[in-house]
Amino acid sequence: MTTATLTITGMSCSSCLRHVQQALNAVDGARLDELRIGRATVTYDETQVSAEAIAEAVRGAGYGVDAVM
């Protein structure tokens, strides 16, 4: 298992948090560990999903991803 921290742009309210949470919870092979406005920490299985796919799920929900660390 690998842990990634995503810096997310465009989040400003609890509704934004809910949208990002739903997007990340829908990614098979990934588990959302922590979510705050502007940042998410995700643990994922590299054999099932990539960090870029996780970032793409956030983008698909309408938010930007500046960095994946």
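Mentor: Start with what counts as an element: helices (H or I, at least four residues) and strands (E, at least two) are DSSP runs, numbered from the N terminus. By that definition S14 lies in helix α1. Keep in mind that this is a predicted model.

Trainee: Is S14 buried or exposed?

Mentor: The cut-off for exposed is over 50% relative accessible area. S14 has 53% relative accessibility, so S14 counts as exposed.

Trainee: How far apart are the C-alpha atoms of S14 and N25?

Mentor: S14 belongs to helix α1. Along the chain, S14 and N25 are eleven residues apart. Their C-alpha atoms are separated by 16 Å.

Trainee: Which pattern does the protein follow along the sequence?

Mentor: The secondary structure comes to two helices and four strands. Read in sequence order, these give the pattern β-α-β-β-α-β.

Trainee: What is the radius of gyration of the protein, and what does the globule rule give?

Mentor: Along the principal axes, the C-alpha atoms fill a box of roughly 35 × 20 × 20 Å. For 69 residues the globule rule gives 11 Å, and the radius of gyration is close to that, so the protein is as compact as a globular protein of that length. The radius of gyration is 11 Å, and the rule gives 11 Å.

Trainee: Which residues does V58 touch, not counting residues up to four places away in sequence?

Mentor: V58 is among the residues with the most contacts inside the largest nonpolar core. L6, I8 and L24 belong to that group too. With sequence neighbours up to four places away not counted, V58 touches L6, I8, V20, L24, Y63, G64 and V65.

Trainee: Is T5 buried or exposed?

Mentor: T5 lies in strand β1, and among the residues that T5 touches are R39, A40 and T41, as well as A67, V68 and M69. Buried means under 20% relative accessible area. At 18%, T5 is therefore buried.

Trainee: Where does D28 lie, and what is its relative accessible area?

Mentor: D28 has its place in the loop between α1 and β2. Over 50% counts as exposed, and D28 is exposed, with a relative accessible area of 67%.

Trainee: Which residues is G29 in contact with, leaving aside neighbours within four places in sequence?

Mentor: G29 lies in the loop between α1 and β2. At 22% relative accessibility, G29 counts as partly exposed. Beyond its neighbours within four places, G29 is in contact with T43, Y44, D45, Q48 and V49.

Trainee: How far apart in space are E52 and V65, C-alpha to C-alpha?

Mentor: E52 lies in helix α2 and counts as partly exposed, at 46% relative accessibility. E52 and V65 are 13 residues apart in sequence, and in space, C-alpha to C-alpha, the distance is 9.9 Å.

Trainee: Among contacts between residues at least 6 apart in sequence, what percentage join residues at least 24 apart?

Mentor: This count takes in contacts in the protein between residues at least 6 apart in sequence. Those joining residues at least 24 apart come to 60%.

Trainee: How far apart do the centres of the positive and negative side chains lie?

Mentor: The protein has 5 positive and 8 negative side chains. The centres of the two sets lie apart by 9 Å.

Technical notes:
Residues numbered from 1 in each chain as written. Predicted model: local features only at pLDDT ≥ 70, side-chain atom pairs only at ≥ 80, totals over all residues. Heavy atoms only, no water. Core = buried A, V, L, I, M, F, W, Y, C linked by side-chain atoms within 4.5 Å. Buried < 20%, exposed > 50% of the residue type's maximum accessible area, 1.4 Å probe, protein only. Contact = heavy atoms within 4.5 Å. Rg over C-alpha atoms; globule rule 2.2 N^0.38 Å. Lys, Arg positive; Asp, Glu negative; His and termini not counted. Charge placed at Lys NZ, Arg CZ, Asp CG, Glu CD.
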